[in-house]
Amino acid sequence: MLLIKCPWCGERDESEFSYAGEAHIARPLETEKLSDEAWADYLFMRKNPKGAHREQWLHAAGCRRYFNAERDTVSYRISATYKIDEKPPRDQSRNQS
Amino acid sequence: MSDLFERESPLVEIKLGEAKGNAPAIEEKPFLGYLNLRGKSGHTGFQAATLKVLGVEPPTEANTVIESNDIRIYWLGPDEWLLVTAAGQQQAIKAELMSALDGVFSSVVDNSSGLAMIHVSGANAAALIATDCPLDLHPREFKPGQCAQTRLAKAGMTISLLPDETGFEIIIRRSFADYLLLWLQDAAIAFE
Amino acid sequence: MTQRLRTEAGGRVDRECEIQFSFNGKNYTGLKGDTLCSALLANGVHLIGRSWKYHRPRGVITAGAEEPNAIFQMEKGNRTIPNARGTQVELYDSLEAHPVNAWPSLDFDLMSINSWFARMMPAGFYYKTFMWPKAMWMKYEHFIRKASGLGVAPRENDPDRYEHTHQHCDVLIVGGGVAGLSAALAAARSGARVILADEQSEFGGLTLASPTRIDDIDASQWIEQAVAQLAAMDEVTLLPRSTVFGYHDYNFLTINQRLTDHLPLSERNGGREKVWQVRAHQVVLATGAAERPLVFANNDRPGTLLASAVSTYANRYAVKPGKRAVIFTNNDSAYQTALDLKAAQVEVVAVVDARSDSSSELANTVRSAGIQVINGSVVVDTSGGKHLRSVQVMRLSADGKSVSSNPKSFNCDLLALSGGWSPVVHLHAQSGGRPVWDDETAMFCPGSPTQAQISVGGANGELGLAGCLVEGTTAGNDAARACGFDADSKPASADAVTSDAILPLWNVPSPYTRGRGPKAFIDLQNDVSVADILLAVREGYQSVEHVKRYTAMGFGTDQGKLGNINGMAILAEAQGQTIAETGTTTYRPNYTPISFGAIAGQHLGDQLFDPVRKTAMHVWHQENGAEFENVGQWKRPWYYPKNGESLDDAVNRECLAVRDSVGILDASTLGKIEIKGADSARFLEMIYTNNWMKLEPGKGRYGFMLGEDGMVMDDGVTIRLGEHHFFMHTTTGGAAGVLSWMDRWLQTEWPEMEVYLTSVTDHWATAAVVGPKSRDVVSAVCEGIDFSAAGFPFMASRNGTIGDIECRVNRISFSGELAYEVNVPANHGRYMWEKLMQAGKPFNITPYGTETMHVLRAEKGYVIVGQDTDGSVTVEDLGLGWAISKTKADFLGKRSLRRLDTVRKDRKQLVGLLTEDPHSVIPEGAQLVNDPRAPVPMPMQGHVSSSYFSACCGHSIALALVKGGHHRMGETVYAPLANGRVIKATITEPVFYDKEGSKPDV
């Protein structure tokens, strides 16, 4: 059971959150101009890395804000959480006390 | 239709008796007014309007609750608050707010029938809620003036300390009220 | 029966308090403070059970959680518990225990014939033998299950309550031995919030069975004082009888506290078990170490125990586990057992020590006590039947790889084994740590912690009392400091003891030809022997995880706690690797088995398993005989049977009443979202497929929401209440998801849009008044509204009042009839409902439920998202292309509508079906084929999504998704059913009633 730091509410139990997939996937602006391939890339293609992964979470049972988290898919350690309008942390270190 | 009441609380089906043994007391506070307020707390128009009607600006510190003009104002999100008013006051306050906020990006929505308030008090109040609430309710961690949206069993709630710190005030959704009260009553057996 | 094997004095049992109990149908007497196993041993009962595969006689071997043999079926009926470890069952009055895995009886076990054929049942025997011929497996399986099952699961409902609690603390200490107590004292004195959990009934751990001193007082007295100090502190929670069974991410640990299992059945009130879900800032693991047995031929006879267990039975439980003992060891600790046995007046025949020399202070004390020590020797075999009779001892060669001949035989009924110690690293490993092999001490010790956690004492490989006190205190201080407290406790003191090094001895050299001798067991519960491991290696298994699964080593209720380390070391030897290279199998939760009741807690039954959501009119529905249907978490009236009507009869009546006069439906469960802000219309343009900019206030519009993949996600009517104000309806099941979906776009993609969303699903109670007489009914109740056809057209919304109550009436229809949805704040929901019922009386207003609603909408071909769609259906597939704007530049999902797959001509498309026999109703979900005589597998053409008998039409109707269906009107399809029946049907347009759509426009 993860302990997730909502950028607004602080550390809360995982059961208050829901996962919302990979972060930083911007919706293309002029969708009608896209090729099928480009649209499919936006629609379906996800990184699924082993290691550091930036993903969206929703504090569903709390403040109902979406935010981003950088989580290691092997250790499940969350190295950082940040608001939607914030940049991801440069430091990719996975240290977690 | 002689026994027809014009209004019924969400907990019409639940019998809340005296607490047994060391079980906490569970009380419903029916028919309060609930308004959902949204707006940009940094916006001067929003600040002025809320100050005028509520006497204060809504709290900007996350997970806090303040009281002003007999209205309790709960932080729900960075642009969202819950106003709890005395029974029957919500329409007037909503109208005042909407008129003061005219032209300002904001939203005031009446949700008075959508929510229910429960008071859980007594020595085991925190233990009762902790049966399935992942929040740390220890007095070192959860203090007067704080509130939190979290879960109780499999439903959401907004929780804060009672002003006299004898227990907790919890606000729950109407349609889950039955379930949550049955949950609390079942959990209370452990303390009887 | 007398307790003939009690010691004269001492022990932590209450000799004044006798307890009656029964095992295997016989009555015995024990003492308060006994475990089931100590009481049985006190009564001279050694034969406890039969092994899993060969049904060999087995007895108690340990005194703790690692026990593989002494497992019992406790009690009968609804309170029965399978596979309880008798070493951990506290004795209570009238306890009733039964053996498991013996058939027909413990003393005469027919299955022990397996033992004679043991050589023919090696590792993988079941895999190899019974999988062929394949068709016979079901028969074999039945027999094997009967022969091999351990305990029996209860068949009746569990009468007990189980509780859960969520707790948080600064420092959680697992294990209440002296290391854990020291840590708890150090942390608690600083003011930190401390939880101390121990699986036993009293704190103290192994030291309770050890005649030592701490701070110059008896260790047991020191323990008592420590516990009393802790109990007096407000921020300390002491949890005895509490097993920490899981260590998860972010220091989330689960503890199972047994509240009543130690009490007689008649005194068990309240919750039986309580699961603590603890989030700890710091964790101290003081779980101790477990002794290992030694592996040699016939090392499994009843009367063979771990040396530490022998000491525990003698010192703590005042039991002599035998009369004549031989001790077999490769390290110093078992010498204490020799002294303990002597003190308990048990004859110690010899200490057989594999080491060529033992000259520590302890060893010399044993010699001076007159006990024979035989160095450089090993026990190579034993004899006996249901109880050990003698052991054979041989000299070990200097290189430790062989034994000389001329065995010496010693008669004895007790063999105490010590093969060294293994730190209990289970929780450390569960937390993400990797145990590290230490050659010098021959132990897997905890590796680097990956969470805020530290192992101390025996769990850290520290076997000395003084070291445990120091490590515990230091860890307690450090953990408290890490939480911001000032902690500076000093450890208690104890004499330091020096001991000689261990001689690792995994597979005791055997005098027998390889593969010919009697079995030397590694895993007693699963009857895994050395030969099985060697066979697995010969057959090419390399990974320890594969060997485990092939041989079953480490399966079962004990999960290999006793034998796994020996097994891994023997595997390493056979592979010519180091133990570190071979490694361990994965340690997973749960540490010991947990009851299903404990896992479920209060989350049980119709009321509490899942939330039951109710509308404001729920009580009315109940009082008026509604049968309910679950729709998501909501309870919705399904139908209202009158005078014992069947579902079909009630639905036929309700449908006709709506079409002929007027019906009323509780529609409160639809999701409702208020949308406010200057960009609301622009936002809806993106969310829905159709146009919203020009919708005039007071009017509503039906819309589809698509996922970005272009598939239908939700639908509903949204009403414009003002220039910048909309009121959205979603499906009942989709409400929460739609709100999150829209919030996500606003928060993550379009933060510049001025739109606020607020869910008001619970605030409004909604009654749909439906049918040609609906106008008469609502106009009699709702005031301030012009209900004329011109004044209140279809898809319009009007505000009015019911007495003092505000109401909003929407002229929406989901039935093809004239219909109004009346909304009031839910506190007035029942009042509104009853007023409408009263006003409808002259028209015989008929309450109807979801079933009738479904039939009425299907007659009109209206789809239900989630029933007629499944996430792979487009608006075009539904034949509703008109709902997609041709002018908008973009909306969510739009681009996907041009994808190759989305424009395929053979997509499944929504059609109607008319059955050849008008009274046949095709089951929903039925697959459709073109030719029911085609060879299997038949090419599937689609499936039936909605199907009913329509009383209004006088025949059955169905909606189906059929490949290319829009161009197959008039064609025949077949629904072959599971029972062999085939229903023939014709594809039609999906509208069966009032095809012109004139009815709502009256």
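Me: Among contacts in chain B between residues at least 6 apart in sequence, what percentage joins residues at least 24 apart?

Reply: This is a predicted model, in which local features need pLDDT of at least 70 and side-chain atom pairs pLDDT 80 or more, while totals for chains, interfaces and linings use all residues. Residues are numbered from 1 along each chain as its sequence is written, with chains lettered from A and ligands numbered from 1 in the order written. Two residues are in contact if their C-beta atoms, placed from the backbone, lie within 7 Å. Among the contacts of chain B between residues at least 6 apart, the share joining residues at least 24 apart is 59%.

Me: How far apart do the C-alpha centres of domain 1 and domain 2 of chain B lie?

Reply: The domain bounds come from an automatic or database domain assignment, which gives domain 1 of chain B as 25–30 + 114–191 and domain 2 as 33–110. The distance between their C-alpha centres is 24 Å.

Me: Which element gives the most to the side of domain 1 of chain B that touches domain 2 of chain B?

Reply: In chain B, 9 residues of domain 1 are in contact with 8 residues of domain 2. Strands are DSSP runs of E with at least two residues, numbered from the N terminus, and β8 (147–152) and β9 (155–161) of chain B each give two or more residues to this side of domain 1. The element that gives the most, with 3 residues, is β8(B).

Me: What radius of gyration does chain B have?

Reply: The radius is taken over C-alpha atoms, and the globule rule is 2.2 Å times the number of residues to the power 0.38. For 192 residues a compact globule would come near 16 Å, and chain B agrees with this at 17 Å.

Note on methods: Helices (H or I, at least four residues) and strands (E, at least two) are DSSP runs, numbered from the N terminus.
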